[in-house]
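User: Can you walk me through this one? I'd like to start with the strands and then look at the packing.

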Amino acid sequence: MKGNTMASLDVASYNRQGKVFCAANTAAVALTAVATTTTGLYVFNPYGSGKKLIMVDWGYASSVVGTGVGNLGIALMPAHQTAVTNTTPIIVQSADGAGAGTAAVAKAGSSATLPVAAVAVKWVGGNIWVTGGTGDHPYQWSGTFDGSIVVKEGSAIQFTIVTTVMTGLGSFTWVEVPA
């Protein structure tokens with residue numbers, strides 16, 4: 001990255017170098033609140049990888065109408081030397097079209113046991129519910145990090161909820177740079 005402004009994150013240049021990666025759920029999954037056992041979508045950077053994950057963007061599409069108030073957020077697991085148990089892996093793809101199995105160090109999944117619970121860092125959406133009536137249920141949310149979140153070696157990023165469980169599909173895009 002050049003300089004110290006968010007505008008200096010030149011994702012297209014990193015992508016031409018094969019350093020941009022993405023992961024997304026391929027089946028709807030119920031999100032969990034922050035805990036050591038998690039479901040939804042998470043991306044983790046293995047301890048000792050020698051890389052930092054500079055987060056670029058995220059997306060989430062709800063697939064089940066909520067039954068109450070629900071809030072969607074992003075959570076970070078603090079760096080830890082103990083490995084993540086990736087119960088249900090998801091394929092990490094190169095964003096330049098090279099496909100899976102390219103040089104990504106990051107791993108992704110939809111079900112894991114984390115060494116420590118993540119902590120919510122951003123609330124990005126939600127739905128409202130009117131008892132005895134009709135609630136508001138947004139279908140899709142998306143946003144950019146523009147490098148404002150970095151996943152260090154041994155840490156992870158994930159979607160999280162509070163209140164009512166949300167079920168859907170998530171995606172993350174990131175740049176891998178030397179630690």
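Analyst: A definition before we start: two strands count as paired if DSSP finds at least two bridges between them. Note also that this is a predicted model.

User: OK. What is the bridge partner of T39 in strand 9?

Analyst: S111 in strand 9 is the bridge partner of T39.

User: And over how many bridges do strand 3 and strand 9 pair?

Analyst: Six bridges, in the antiparallel sense, with strand 9 covering residues 107-113.

User: In what order do the strands of the open sheet come?

Analyst: The order is 6-9-3-13-5-10, six strands with antiparallel pairing. Strand 6 (85-90) and strand 10 (119-127) each have a single partner strand, so one side of each has no neighbour in the sheet.

User: What does the twist average from one strand to the next?

Analyst: The twist averages 30 degrees from one strand to the next.

User: Switching to packing. How many residues are in the largest nonpolar core?

Analyst: That core has 25 residues, and those with the most contacts inside it are V43, M55, I157, F159, F172 and W174. Among the elements that give two or more residues to it are strand 3 (37-44), strand 4 (51-62) and strand 14 (167-178).

User: Which strand gives the most?

Analyst: Strand 4, with four residues.

User: What is M55 in contact with, leaving aside its neighbours within four places in sequence?

Analyst: M55 is in contact with F145, D146, G147, I149, V151, I157, F172, T173 and W174.

User: What lies apart from that core?

Analyst: Another core of nine residues, including Y42, A112, A118 and A156.

Terms used. Residues are numbered from 1 along each chain as its sequence is written. This is a predicted model: local features need pLDDT of at least 70, side-chain atom pairs count only at pLDDT 80 or more; totals for chains, interfaces and linings use all residues. Side-chain values use heavy atoms; hydrogens and water are left out. A nonpolar core is a set of buried Ala, Val, Leu, Ile, Met, Phe, Trp, Tyr and Cys residues joined through side-chain atoms within 4.5 Å. Buried means under 20% relative accessible area, exposed over 50%, partly exposed in between (1.4 Å probe, protein chains only). Contact means heavy atoms within 4.5 Å. Axes are lines fitted to C-alpha atoms, for helices over the stretch in contact, and angles run from 0 to 180 degrees between N-to-C directions.
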